[in-house]
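Have the viewer open as you read.

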Amino acid sequence: MSSMNCASCGASLEIKNRFSKVFVCEYCGTHLRVKDGGFDITGKFPKLADFPSIFTVGSAGTILGKPFTALGRMRYKYQGGHYDEWFIDLDGEKAWFTEDEGTFTLYTDLYEAVDIPDINCIKPGQNIMVGDKKVMVKEKGMAVVDGGEGELFFYVEPGSEVVYLDAVAEGKKVSVEYTESEVEMFAGRPLLKRDIVVNS
Amino acid sequence: MGTGKEELVSLKCSSCGGGLVKSSRTYYDKEEEEDVTVPLAKCVQCGKDYDQHTSEFYHVFADDLTYDKDSTLFKLGLKGSINNVEYEIIGRLRYQEEEEYEKCTWDEWVAISADGVFHYFVEEDGEIWSYEEYIPEAIDMESDSSAILFEGKRISKSSAYTGRIVLIEGELPWKPEIGEPSTCYDFKKDGIHFTIEQSEDEVSITKGEKLNHGQILSAFSIDTYKEKYDSTIKKRTSYGKKSLVYAAGACFSLMAAFFSCFSTTEIKGVMGQKKVLTTNVPFEENGTKAYQSQVLWGPFDIPEGNKLYDVSFAVDEKVQKLNLEWQSFRFMLISEKRLLDLAGDKVNDPVVLNDIFEEIDAMPEPLESYIITADFWDEEGRDSDGYWHESDKSYGSDFVLDEAGKYYAYMEIFSENPRSPDSVTIAISRVRGYRYYIVVFAIFIILYLINKSKSKSYNELPFEMADK
């Protein structure tokens, strides 16, 4: 763990994960992108509303028996609700944990910059090839980035639109997110609440 | 997530904005061969019809499909625990099968578990199914136009049915709409029940397990129906046991009837005293020439009255073959006393016997004699299948003989060609009363069916329930 200061308010920031690309200052809410060994201010956004969540930034415990630490989260709003995508350190590896309407999914496999067909042509029930993986699309939707907190592995500016696909392949849940700049695919599994132990 | 109880939105005609009302259409159904009237939603302004394949139809007819929405086992807000996992019922969707004009609905109750998983309880046709999300190892809904490939199993797309939402209640993790269609595939794989639901926005794959109402009443502590449920189950069990008793009775009576068919006792001496009164006397009727013979058997003793007897007739082809010709007969069984009363000392007079036969045959019932007529024939011909050759050379009939005693059997034999009167044989046998057993069997079967049906349908509860 190392420490740096917020480029906007000077508050001290603890950096817990070497993969983190963006930090959100918990004092002033400024989003700081890692650049050339320092921070680049990308903007200042309101703090996330305090909806109840299983984690807070810094929560630690075990998931499926493996130790984890919650580093940060992005929140997405969609028609009629929102979901949180937590960035976690899972036994030394980076992982993503989504909390959507009380349901939990752990994504451990990331496929970056994947090449997939035009999002507008994709419908639920359709097969798409993502890299060498054939996945079946279960759901297609649109969300807006509401904000973030803590350390983030990737960054999309609040207010940006994200098209997402929920899919299945090889017994795993697959989530594909389209932003203006990139397409990323995560593969993982649903979790039961009992699979997650948060230290008090 | 939905915002709670959804109010029905009054839909307007998509063509002119006019209001929609319930209507119907009558057409001639070629298969049923009758006029059939089906419901339709209709625009009051431009007259446009909306059938059951449109969302508008379900907005208009929703009240007809949801009038019994409170007659369900589950209720919103119910909390309970199954297999140590807590569930809370948070929402409900009611679907109507699109192809049915009559009400054919099922309720999908959405529950959230303490494990953070959405769960679905389905109430349909008195059964309860519990569904949870399933992530298959392999699924392909697209490559084969006629089937879904699901973990090595082929599910025909023709097995699909469409459900339309007609009721939305509570909080749901998505925003459904009245009339929204969902294509469903129900199938079993390795003994597990799966459902795939495909809508415009989503494909959902769930695996299901059948639960009984007792489990749910206990799991969700629904005390309101506990007493009625117990009473219903008790009565159903009682009807079930009765049905088994009646089934056993039916089997026994069927076996008894079967046994009776094969346990006959021949009356001896029927053929013993035989007098051929006339042989092949030619006569003409309606321009057709034929021959008549008269034979009298008896007297012989029939020892038991008020019993069932079988009399059988046959052509004895050892005496003379019946070859491409016909032969018919009139037979009368008459008590010795009656014959002697009528014929006096002319018992062997063929003319007198013929007159007696005519007289008795013309009498209104009861005849106090037993008259039987039948034909034997042997024919051949050709049709589209080629050559055929058919014959009927025996006949049998049952009767209940009222009184025991001595009897005569008198027969008039008519034939196309001259035939030996000895070529027709008769036999009288005492048979067990299989008809009675058949009647008893029928009664048992009716009782069995009534009780079996009640063991499934008896219900004190305000909703359908299929538990045994």
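Start in chain A, where β6(A) and strand β16 (residues 196–198) run antiparallel, joined by 3 bridges. Within that pairing, Thr62(A) sits opposite Val197(A) of β16(A). Keep in mind that this is a predicted model.

β6(A), residues 60–63, has another antiparallel partner in strand β7 (residues 66–78) of chain A, with 4 bridges between them. Thr62(A) turns up here too, this time facing Pro67(A) in β7(A). The β6(A)–β7(A) pair makes a hairpin with 2 residues between the strands, and Leu64(A) takes a positive phi near 50 degrees there. As background, strands of a sheet pair through backbone hydrogen bonds, in either a parallel or an antiparallel sense.

## Chain A as a whole

Zooming out, chain A comes with 16 strands and 0 helices. What radius of gyration would a compact globule of 200 residues have, and what does chain A have? The rule gives a value near 16 Å and chain A has 17 Å, so the two agree. If you're thinking about box dimensions, the C-alpha atoms fill roughly 50 × 35 × 35 Å along the principal axes.

As for burial, 34% of the 200 residues of chain A count as buried. Take the contacts in chain A between residues at least 6 apart in sequence: 48% of them link residues at least 24 apart.

## Where the chains meet

The contact between the chains draws 23 residues from chain A and 22 residues from chain B. On the chain A side, β10 (103–111), β12 (133–152) and β14 (172–178) each put in at least two residues. β12(A) gives the most to that side, with 3 residues. By residue class, the side of chain A that touches chain B splits into 6 nonpolar, 9 polar and 8 charged.

## A three-stranded sheet in chain B

Over in chain B there's an open sheet of 3 strands, ordered β1-β2-β3 with antiparallel pairing. Its edges are β1 (20–29) and β3 (49–50) of chain B, each of which pairs on one side only.

β1(B) connects to strand β2 (residues 34–43) of chain B through 10 bridges, again antiparallel. How many of the 10 residues of β1(B) are buried? The count is 1, so to speak a strand that is hardly covered.

## A helix in chain B

Last stop: helix α6 (residues 434–457) of chain B. At 1.5 Å a residue, its 24 residues should span 34 Å, and the end C-alpha atoms are 34 Å apart, so expectation and model agree.

Which residues of α6(B) are buried? They are Tyr434(B), Tyr437(B), Phe441(B), Phe444(B), Tyr448(B) and Asn451(B). The buried residues of this helix pack against α3 (226–261) and β25 (424–431) of chain B.

Conventions. Residues are numbered from 1 along each chain as its sequence is written. Chains are lettered from A and ligands numbered from 1 in the order in which they are written. This is a predicted model: local features need pLDDT of at least 70, side-chain atom pairs count only at pLDDT 80 or more; totals for chains, interfaces and linings use all residues. Two strands pair if DSSP finds at least two bridges between them. Two residues are in contact if their C-beta atoms, placed from the backbone, lie within 7 Å. Ala, Val, Leu, Ile, Met, Phe, Trp, Tyr, Cys and Pro count as nonpolar, Asp, Glu, Lys and Arg as charged, and the others, Gly among them, as polar. A residue is buried if 20 or more other C-beta atoms lie within 10 Å of its own, exposed if 12 or fewer, and partly exposed in between; C-beta atoms are placed from the backbone. The expected span of a helix is 1.5 Å times one less than its number of residues. The radius of gyration is taken over C-alpha atoms; the globule rule is 2.2 Å times the number of residues to the power 0.38.
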